[in-house]
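I set out to record what can be looked up in one protein model. The entries below follow the order in which I consulted it.

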Amino acid sequence: MNFLRGVMGGPSAGPQPSGADTIQKLCDRVASSTLLDDRRDAVRALKALSKKYRLEVGIQAMEHLVHVLQTDRSDSEIIGYALDTLYNVISNDLEEEEQEENSPKQGDDLGSQFTEIFIKQPENVTLLLTLVEEFDFHVRWPGVKLLTSLLKQQGPQVQQIILVSPMGVSRLMDLLADSREVIRNDGVLLLQQLTKSNAAIQKIVAFENAFERLLDIVTEEGNSDGGIVVEDCLLLLQNLLKNNNSNQNFFKEGSYIQRMKPWFEVGDDNCGWSAQKVTNLHLMLQLVRVLVSPTNPPGATTSCQKAMFHCGLLQQLCTILMATGVPADILTETINTVSEVIRGCQMNQDYFASVNAPSNPPRPAIVVLLMSMVNERQPFVLRCAVLYCFQCFLYKNHKGQGEIVSTLLPSTIDGSSVSAGQLLCGGLFSTDSLSNWCAAVALAHALQENAALKEQLLRVQLATSIGNPPVSLLQQCTNILSQGDKIDRRGSKVQTRVGLLMLLCTWLSNCSIAVTHFLHNPANVPFLTGQIAENLGEEEQLVQGLCALLLGISIYYNDNSLENYRKEKLKQLIEKRIGRENFVEKLGFISKHELYSRAAQKPQPGFSSPEHMMFDHEFTKLVKELEGVISKAIYKSSEEDKKEEEVKKTLEQHDNIVTHYKKVIREQDQELEELKQQVSTLKSQNEQLQVTVTQQVSQIQQHKDQYNLLKVQLGKDTQHHNSHGDTLQMNGIQLEEVSKLREELEDWRNRHEQLQGQLKEKDAVIENLKSLQVEMGTEQSSQLSSSRGMEHSAELQKELELLRTQIQLQAAEISKLQTENQKLQATNTAIDPALGASGAVASRSSEKEGRLLQELGELQSEVKALSEEKASLQQQLDSSSSTVAILQDEKSKLQQEVAEAKKEQDDLLVLLADQDQKLSALRSKLKDLGMPVEDEDDIESGDQADEDEDGDEEEQD
């Protein structure tokens with residue numbers, strides 16, 4: 001221990017040992033000591049010396065430290081010291097006060113060399129992964145830092161070892177779930193180094209739920225208002241998503257794009273932007289751009305763009321775009337982000353066109369952005385971003401191109417407000433060369449791959465000065481191009497000319513009418529040939545190349561409508577004035593230029609300074625397409641041109657024929673689809689009609705059955721009612737029932753009076769008959785009258801018998817009423833003496849009943865005596881006639897229903913016959929068209945088989 005005290009700074013006698021000697025003794029003590037405390041103290045001493053004597057500790061102690069990690073895992077303290085010592089040796093993060101002038105480079109070399117020594121044995125990295133799993137803070141945190149340092153020094157090698165280690169990446173993913181923020185934050189840094197440039201590890205990390213955990217951390221830390229932890233998480237997300245299509249798709253499918261929207265919800269008070277917030281928001285915008293980058297597969301980019309629109313992310317970005325107080329670099333990055341979110345997506349482009357700036361009166365966001373682009377006082381980076389945004393808005397957006405060009409046409413110009421077309425023309429003809437270039441490129445994008453708009457733009461007329469007639473936009477561009485050196489401009493004059501030449505080349509390409517308008521000006525061709533023929537400086541060579549391209553376009557797309565500028569004459573002019581080889585050489589200056597190569601790499605304008613702003617990305621594609629074609633066209637003879645024109649015509653005719661047949665086939669396919677749909681609809685209608693027919697037949701049968709049942713039930717009900725009236729038992733009879741009986745007696749009295757009246761009428765009829773018999777003088781008449789009288793008397797006898805039976809029934813009913821009345825009297829007397837009044841009433845009713853009986857007896861004697869009961873017979877006849885009428889009525893209704901059912905069946909049969917005819921006609925059409933159609937027999941057999949199968953299934957059930 002005295003030795004250790006000397007090493008740690010205690011007083012000691014004699015000469016002090018050197019650092020190397022001390023380290024050697026400590027290493028021997030770590031290797032040979034049997035006591036854990038001694039080894040722990042030795043490792044602690046090595047840790048203290050490792051920063052000052054990094055080289056010596058790394059050379060002598062690394063092997064012993066690794067051995068400690070393997071053997072002393074039970075003691076977390078010694079493991080922590082060993083890990084810290086290895087970290088100090090391997091890491092290059094030296095403290096500033098310890099760094100010398102040459103130490104950074106030396107430190108980098110030492111760290112890389114020691115890392116290489118450490119990972120030479122892959123078991124060391126596997127051991128480190130095992131230690132990282134320990135929950136003890138003094139083991140886990142140094143292990144994470146050491147592993148991070150190893151990845152910084154020898155990233156690919158360590159990544160490969162971790163990748164092949166069982167559950168290697170999964171162990172490290174557990175660091176994000178650690179409740180201790182220090183370990184979690186350093187775990188994020190570790191995963192940053194682990195996922196750099198390794199797609200396999202990126203996929204594993206992503207599928208280990210990294211997106212969910214990282215987004216949760218960003219939300220917990222306060223989104224853009226969070227600290228450096230948010231920055232680290234965003235950098236890790238960029239590593240996982242950049243150039244990794246699988247992870248991008250997983251991010252989109254997991255609905256993580258929707259969770260990005262709250263990042264951009266900045267408040268109205270935008271004055272307090274800290275440096276960390278600016279950095280975080282910048283990284284968030286870059287993360288959005290990673291998902292919609294033009295270098296991604298088109299399908300993946302489009303799906304992400306649509307998801308950003310539907311979740312409101314694009315709307316949130318446009319809000320930041322139009323907000324006030326936003327820092328310039330954030331505003332620039334937001335413009336670039338919005339540009340790539342809307343690029344090539346019609347839905348997003350339409351929304352962006354509808355966005356208005358919060359001004360009075362409101363102006364479209366496009367107009368406000370173009371104002372910034374043509375304003376020379378705006379920062380260069382911001383102007384480039386606006387140009388990129390305008391290009392992305394017009395990319396594959398014919399609708400947007402038409403809206404921009406329409407603001408230049410005479411019929412749609414609105415003098416009350418500033419339009420996009422006016423701003424572009426103002427920038428095109430301003431004295432700022434950068435504005436000229438930006439406006440020319442923007443206008444060229446409005447014409448990209450749109451021949452109709454190129455023709456429309458020829459109608460644009462510009463008023464140059466008061467008193468002079470207006471000139472066309474094409475003429476004004478060529479005038480400025482030819483007078484470029486005479487106009488005093490701010491910036492590079494070459495830049496203005498290059499921009500105008502790019503606009504003219506885009507305008508004239510694939511548009512013969514524009515070429516004719518260009519050649520119609522006699523000064524244009526001499527100017528171009530003069531520019532190409534001159535031997536100018538290096539800067540002007542680019543202009544010469546573009547002039548050669550413009551002249552070549554005028555030859556290639558020339559329709560020979562102008563006699564003086566036919567293809568052959570222009571070629572002869574080039575041969576005389578310039579020379580074919582010289583022309584092709586000047587044309588090649590464009591693609592050989594360094595700025596051309598830079599612009600061809602990516603769509604976004606990435607210029608370090610305004611002087612380097614020469615070429616547009618889309619224009620480089622046009623040059624690549626036309627350079628070889630123009631070079632061939634220059635060397636072709638007139639005969640070859642004629643042959644080529646003939647070939648073109650035949651090809652066009654062939655294309656027209658092919659398109660015609662395609663159209664016919666498409667129409668036939670549509671007709672076939674329509675016929676198939678009609679057949680299917682007719683089949684369904686037929687089935688429905690058959691079902692309705694069966695339903696109606698069953699309903700008719702049901703109605704008939706119900707009618708018969710009702711008739712039977714009515715008969716039973718009447719009989720039941722009569723029997724019920726006869727056998728009704730009075731239980732607890734009240735005074736109301738007695739009054740009902742009295743009313744019934746009154747009804748019977750009225751009936752008797754009616755019968756007496758009818759008997760009197762019969763007497764009158766008999767007297768009339770007797771007088772008729774006396775008046776008849778002849779025998780025939782007497783015989784006829786006697787026979788009729790006998791017949792009539794026989795009928796009267798029958799009627800009398802019927803009346804007798806009715807009177808007997810009435811007498812029986814009266815007797816029943818009497819018995820009921822007697823019962824009522826008995827019950828009334830038995831129930832309560834207070835009901836004496838009811839007894840009196842009952843006695844009075846019995847007296848009335850006696851009188852009625854006497855009257856009935858008299859009536860019977862009178863009926864028997866007079867034999868006149870024709871009235872009752874007439875009543876029966878009337879009742880029978882009414883019942884017959886009712887039955888006839890019901891019969892007519894039934895006959896009408898049957899007739900209607902037959903009529904509906906006939907209509908359905910006619911409709912089914914028409915459908916069968918249509919089906920047979922459609923089958924014949926389908927057979928003529930070569931489609932497989934089953935015959936009716938096959939269909940019927942198939943239907944029969946289906947019915948048999950259904951029957952079998954029902955039997956099984």
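The entries go from the whole chain to single residues.

**Entry 1: the whole protein.** I note at the outset that the model is predicted. I counted secondary structure and found 41 helices and 4 strands in the protein. I then looked up burial: of the 957 residues, 42% are buried.

**Entry 2: Val-367.** I located Val-367 in helix α21, which covers residues 365–373. Is Val-367 buried or exposed? Its relative accessibility is 7%, so Val-367 counts as buried, the cut-off for buried being under 20%. Leaving aside residues up to four places away in sequence, I listed Val-418, Ser-419, Ala-420 and Leu-423 as the residues that Val-367 touches. For one of these, Val-418, I looked up the separation from Val-367: 51 residues in sequence, and 7.7 Å in space from C-alpha to C-alpha.

**Entry 3: helix α33.** I turned to helix α33, residues 580–592, which has 13 residues. From its first C-alpha to its last, α33 reaches 19 Å, close to the expected 18 Å at 1.5 Å a residue. Which residues of α33 are buried? I found Phe-583, Lys-586, Leu-587, Gly-588, Phe-589 and Ile-590 to be buried.

**Entry 4: Glu-618.** I placed Glu-618 in helix α35, residues 617–635. With a relative accessible area of 10%, Glu-618 falls under the 20% cut-off and is therefore buried. What does Glu-618 touch, not counting residues up to four places away in sequence? I recorded Arg-343, Tyr-395, His-445 and Gln-448.

**Entry 5: Ile-665 and a surface patch.** I found Ile-665 in helix α36, which runs over residues 638–726. Its relative accessibility of 46% lies between the 20% and 50% cut-offs, so Ile-665 counts as partly exposed. I then looked up the patch to which Ile-665 belongs: together with Ile-657 and Tyr-661, Ile-665 forms a nonpolar patch on the surface. The accessible area of these residues together is about 320 Å².

Terms used
Residues are numbered from 1 along each chain as its sequence is written. This is a predicted model: local features need pLDDT of at least 70, side-chain atom pairs count only at pLDDT 80 or more; totals for chains, interfaces and linings use all residues. Side-chain values use heavy atoms; hydrogens and water are left out. Helices (H or I, at least four residues) and strands (E, at least two) are DSSP runs, numbered from the N terminus. Buried means under 20% relative accessible area, exposed over 50%, partly exposed in between (1.4 Å probe, protein chains only). Contact means heavy atoms within 4.5 Å. Patches are made of residues with over 30% relative accessible area and no salt bridge: like charges are joined within 9 Å, nonpolar side chains (Val, Leu, Ile, Met, Phe, Trp, Tyr) within 5 Å. Accessible areas come from the Shrake-Rupley method with a 1.4 Å probe; for residues, only the protein chains shown count as cover. A salt bridge is a side-chain nitrogen of Lys or Arg within 4 Å of a carboxyl oxygen of Asp or Glu. The expected span of a helix is 1.5 Å times one less than its number of residues.
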